[in-house]
Each structure stands twice: as structure tokens, then as C-alpha cells.
Amino acid sequence: MNETTAWVLFNVFVVAMLALDLGIIHRRAESLSLRQALAWSAVWIGIAAIFGVLLDRWQGRTAALEFSTGYVIELSLSADNLFIFLLIFRFFRLPEKNQYRVLFWGILGAILMRAAFIFAGVGLIRRFHWIIYGFGALLVYSGIRLLFQHGAQIDPEKNPVLRIFRKLLPVTPDYVGSQFFVREGAQLCATPLLLVLLVIETTDVIFAVDSIPAVLAITLNTFVVYTSNILAILGLRSLFFALSSLMNIFEYLHYGISCVLVFVGVKMLLAHRFPIRTEISLGIIGGILLTTIVASAFHRGKKPEF
């Protein structure tokens with residue numbers, strides 16, 4: 001199979017899964033139960049695992065390891081970012097039944113933005129190799145900043161896109177079902193649901209500044225970077241509902257993610273002199289995340305109950 005065919009088949013699969021998700025499986029607007037969320041998260045992780053096996057047979061073990069490492073990085077960063085989404089939903093008092101719809105369209109927009117970022121990032125690094133050091137420094141800075149960040153604070157009202165949008169189009173005071181737009185008389189109005197989507201999309205742009213360079217630190221194989229990102233993103237909706245019910249279990253996760261960002265940043269900065277093999281990177285990243293999850297569970301188990 002040539003690379004062009006692989007690109008076409010993968011994107012057809014993505015479109016088919018999105019259509020199946022919104023059009024058939026979750027046509028009715030509703031939130032997922034913890035059991036459903038965990039089941040769907042397992043399905044998406046299983047799909048990624050199958051894809052890794054297929055990639056191993058097509059491009060070899062190195063490509064499969066690079067895909068697995070990129071997928072783990074993207075999924076771990078996304079897990080932390082989903083907590084921010086939960087805070088945004090609470091800020092806007094978004095009804096639970098509409099959260100899945102916002103996440104669907106938000107993730108669709110994220111796929112398009114990530115694709116543009118990936119192609120631009122790979123192209124820049126291949127043309128101007130020194131940019132890799134800038135990406136590495138950015139990741140180290142992001143990791144250190146996250147390490148000393150105690151509690152996520154957000155204020156969507158300061159979002160410049162949101163402020164500009166409010167000046168361009170009137171917004172209804174309350175939600176109108178699952179609609180993004182309504183017509184009041186002769187005037188077209190947006191609903192608060194659209195404002196939530198705008199904040200989610202602009203927030204994801206900020207997230208991509210960390211996640212895309214982190215995967216580029218592993219490989220410059222555009223197909224591997226793209227597929228690992230997209231498959232991780234496709235599972236975010238179910239992962240969101242699972243993590244929103246299990247937030248207390250992952251108390252120390254952000255410390256692990258900060259260490260991952262610092263590690264891949266240092267890996268990028270030292271790649272020319274001290275390259276680290278992909279399987280070693282995957283082991284280190286997996287070990288860091290597993291340690292923080294176990295530590296979180298152990299600490300939670302020791303907390304006194306009142």
C-alpha cells in the first residue's frame with residue numbers, strides 16, 4: 001500500500017467514525033454514564049492499538065513505536081486539558097445533555113487545526129532545523145510552568161475571540177436546546193452554546209502549542225504524527241466523561257504531565273548530540289505517568305474519611 005492510499009483510507013475512517021458517532025450512536029443529546037464512558041474509551045484505545053499493529057506491518061517497528069509514543073503523549077496531555085474543559089462547562093453552566101454535542105464539534109475543529117499545525121511544524125523543522133531547539137525550550141518552559149501551577153484558573157470572559165464575537169452578533173440570555181443559532185424575529189442570534197464552543201476551540205489552540213511539538217520531538221514522520229494525534233483526539237469525548245467522574249483519582253497527574261513535557265523538551269534540545277531511542281522514550285513516559293497515577297491512588301486511599 002502506498003502512502004497516498006494510506007492517507008485517504010485513514011481520513012475516510014475518521015469521517016466515517018464521526019458520522020457514526022453523531023448521526024447514529026449518540027444522535028440524542030445526552031451525557032455518558034461512567035460505565036459507558038469507560039467502555040467507549042476502551043474501544044478507542046483498542047482501535048489505536050490495532051492501528052499500531054497495522055503500522056508495524058506496513059512501515060516497520062520504528063514507526064509503530066513512534067506512533068505509540070506519540071499517542072501516549074497526546075492522550076496524557078489531553079487528559080489534563082479535559083479538566084480545563086470541565087471548568088469551562090461549569091463557568092457557563094452548560095447542561096450535561098449538551099456537553100457531548102459541544103465536545104463533538106469542538107473535536108472536529110481540533111482535528112482541522114491540529115492537521116494544519118502538524119504540516120506547518122514538520123515543514124518548518126525540515127526547512128529550518130534550528131526551530132527544533134525553540135520547540136524544545138517551549139516544552140521545557142511549559143512543563144516547569146505546569147509543575148508550579150496550583151489549581152486551574154480560567155476566565156472565559158477575557159477570551160479575545162469571545163469579546164469580539166459578542167460585538168458582532170447578539171447572544172440569547174439562555175440556552176435554546178442544543179441549537180447554536182436561533183432567529184428572534186428578523187434577527188439572527190447566537191446562543192450561549194456557541195460561546196462555549198468558541199472558548200473550547202480557542203483553548204485547544206493553546207493546548208496544541210504544547211502537544212504538537214511534544215510529538216514532533218519523537219518523530220518527523222508526518223503520517224505518524226497526524227494519526228497519533230487524531231486517534232487520541234477522537235477518543236476525547238468518552239475520556240472526558242470518564243475523567244469528570246474520576247477527577248479525585250488523578251490528583252497528581254499534572255505533575256507527571258509536567259515531567260513528560262520537560263523530558264520531551266530536553267530530548268528535543270539534546271537530539272543532535274544524545275539521541276534517545278523511541279522505545280526508551282516510550283518506557284520513560286509510560287513510567288512517569290504510571291507512577292503519578294499510582295501515587296494519586298495511594299494518596300487518595302490514605303486520606304481519612306469523615
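Here is a short chat about a few spots in this predicted model.

Visitor: How do the axes of H2 and H8 run, roughly parallel or roughly antiparallel?
Guide: Take H2 as residues 34–59 and H8 as residues 222–234. Their axes come within 9 Å and cross at roughly 165°. Angles over 145 degrees count as roughly antiparallel. So the pair, H2 and H8, is roughly antiparallel.

Visitor: Is the crossing of H2 and H8 left-handed or right-handed, and how do the residues of the contact divide?
Guide: The H2 and H8 crossing is right-handed. On the H2 side you'll find Trp44, Ile47, Ala48, Phe51, Leu55, Trp58 and Gln59, and they meet Phe223, Val224, Thr227, Leu231 and Leu234 in H8. Sorting the residues of that contact gives ten nonpolar, two polar and no charged.

Visitor: Which residue takes a positive phi in the hairpin of S1 and S2?
Guide: S1 covers residues 181–184 and S2 covers residues 187–190, pairing in the antiparallel sense over four bridges. Glu184 stands opposite Gln187 in S2. The hairpin has two residues between the strands, and the one with a positive phi, near 70°, is Gly185.

Visitor: Is Ser258 buried or exposed?
Guide: Ser258 sits in helix H10, residues 253–269. Leaving out residues up to four places away in sequence, Ser258 touches Gly143, Leu146 and Leu147. Buried means under 20% relative accessible area. Ser258 has a relative accessible area of 2%, so Ser258 is buried.

Definitions and conventions:
Residues are numbered from 1 along each chain as its sequence is written. This is a predicted model: local features need pLDDT of at least 70, side-chain atom pairs count only at pLDDT 80 or more; totals for chains, interfaces and linings use all residues. Side-chain values use heavy atoms; hydrogens and water are left out. Axes are lines fitted to C-alpha atoms, for helices over the stretch in contact, and angles run from 0 to 180 degrees between N-to-C directions. Angles under 35 degrees count as roughly parallel, over 145 as roughly antiparallel, 65 to 115 as roughly perpendicular and the rest as oblique. A crossing is left-handed if the near helix is turned anticlockwise from the far one by less than a right angle, and right-handed if clockwise. Contact means heavy atoms within 4.5 Å. Ala, Val, Leu, Ile, Met, Phe, Trp, Tyr, Cys and Pro count as nonpolar, Asp, Glu, Lys and Arg as charged, and the others, Gly among them, as polar. Two strands pair if DSSP finds at least two bridges between them. Buried means under 20% relative accessible area, exposed over 50%, partly exposed in between (1.4 Å probe, protein chains only).
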